[in-house]
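Subject: The structure you asked about

Hello,

Here is the structure, ready for you to open next to the sequence. Have a look around first, and then read on for what turned up.

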Amino acid sequence: MKIIVCIKQVPDTKGGVKFNPDGTLDRGAMLAIMNPDDKAGLEAALRIKDEYGAEVTVLTMGLPKAEDVLREALAMGADKAILVTDRCLGGADTWATSSTVAAAIKNLEYDLIITGRQAIDGDTAQVGPQISEHLNIPVISYAQDIKIDGDSVIVQRQYEDRYHVVKAKMPCLITALAELNEPRYMTPGGIFDAYDADMIVWGRADLPELADENMGLKGSPTQIARASDKVRKGAGEQVNLDPEESVNYIMSKLTEKHII
């Protein structure tokens, strides 16, 4: 079995967020980590590898420094790593990103593709399903459990108050929740091997399936109107009530906002 895991290097927001003049994130100026949902997807692939045997390839699109998260994935147990990087791919929205990643995947053999549900820097949850559309394969999103059954996958798909059990034949794509599992740590031996491993690097010339009008900032239909690193909050509402009145007040507010 061949599994491709799409991962993303995202800003570590604890270290602050910086923007370029055009409103895009200045990724080169920020501390970065592997996106949590993607790390859960990687762990899911590694567990399938441990149980059934599989070749796990990690793929990311980003700046050259995104190599760091690929090395981390190799140290966790992935077999191959591919970095898709080129200046002309910068500033991509979800459409341009998914078009580029799908074009890269078309260069590879795969049975299963796993992505995170969404990235913490965009929170759109669009890229995984868009990749499946570009590749014309089924997608199961919001996975909280994954099992292999012959040439099919059986997935528990999470909803707010329940889950659905969905079965699909491979090849297919699954988007993983961070709650899917507890990712393993890198091992000392894995770290040494990861930094000795060869990194596959692809640029624009290696993506023949990618149309020029679907890549980078110019190929992104999403336009940023305004960007800010902090959202100002109002003072809120303060009330002084006794305990019984406080409970009634809170319940009325929850009902008013349709939370209960």
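A nonpolar core, as the term is used here, is a set of buried Ala, Val, Leu, Ile, Met, Phe, Trp, Tyr and Cys residues joined through side-chain atoms within 4.5 Å. Please keep in mind that this is a predicted model.

The largest nonpolar core has 39 residues, and the members that touch the most others are Leu42, Val58, Leu112 and Val153. What does Leu42 contact, leaving aside its neighbours within four places in sequence? Its partners are Val5, Met34, Val56, Val58, Ala73, Met76 and Ala78. Another core, of 22 residues, lies apart from the largest one, and Met61, Val84, Ala103 and Tyr110 are among its members.

Two of those partners of Leu42, Ala73 and Met76, are also among the buried residues of helix α2. This helix spans residues 67-76 and is mostly covered, with eight of its 10 residues buried. The buried ones are Val69, Leu70, Arg71, Glu72, Ala73, Leu74, Ala75 and Met76, so you will find Arg71 and Glu72 on that list too. They pack against β2 (9-11), β3 (32-34), α1 (36-52), β4 (55-61), β5 (80-84) and α5 (188-196).

A disulfide is a covalent bond between the sulfur atoms of two cysteines. How many disulfides does the structure hold? The count is zero. Cys6 is in no disulfide, and the nearest cysteine sulfur, that of Cys172, is 13 Å away. Cys6 is buried, at a relative accessible area of 9%. Cys172 is likewise in no disulfide, with the sulfur of Cys6 as its nearest at 13 Å, and Cys172 is buried at 0% relative accessible area.

A few spots in the backbone deserve a look. Most residues other than glycine have a negative phi, and most peptide bonds are trans. The peptide bond from Met170 to Pro171, however, is cis, with omega near 5°. Pro171 sits in the loop that links β9 (163-169) and β10 (172-176). Ala125 is not a glycine, yet its phi is positive, at about 60°; you will find Ala125 in the loop between β6 (112-116) and α4 (127-135). Tyr142 also has a positive phi without being a glycine, at about 55°. Tyr142 belongs to strand β7, residues 139-149, and counts as partly exposed at 31% relative accessibility.

Ile260 is in the segment after α6 (243-256). Is Ile260 buried or exposed? Ile260 has a relative accessible area of 55%, so it counts as exposed.

Finally, the overall picture. The protein has six helices and 11 strands, and its C-alpha atoms fill a box of roughly 65 × 50 × 40 Å along the principal axes. Of its 260 residues, 39% are buried. Among contacts between residues at least 6 apart in sequence, 70% join residues at least 24 apart. The protein exposes about 14,900 Å², and carbon and sulfur atoms supply 50% of that area.

Best wishes

Technical notes
Residues are numbered from 1 along each chain as its sequence is written. This is a predicted model: local features need pLDDT of at least 70, side-chain atom pairs count only at pLDDT 80 or more; totals for chains, interfaces and linings use all residues. Side-chain values use heavy atoms; hydrogens and water are left out. Buried means under 20% relative accessible area, exposed over 50%, partly exposed in between (1.4 Å probe, protein chains only). Contact means heavy atoms within 4.5 Å. A disulfide is a pair of cysteine sulfur atoms within 2.5 Å. Helices (H or I, at least four residues) and strands (E, at least two) are DSSP runs, numbered from the N terminus. Accessible areas come from the Shrake-Rupley method with a 1.4 Å probe; for residues, only the protein chains shown count as cover.
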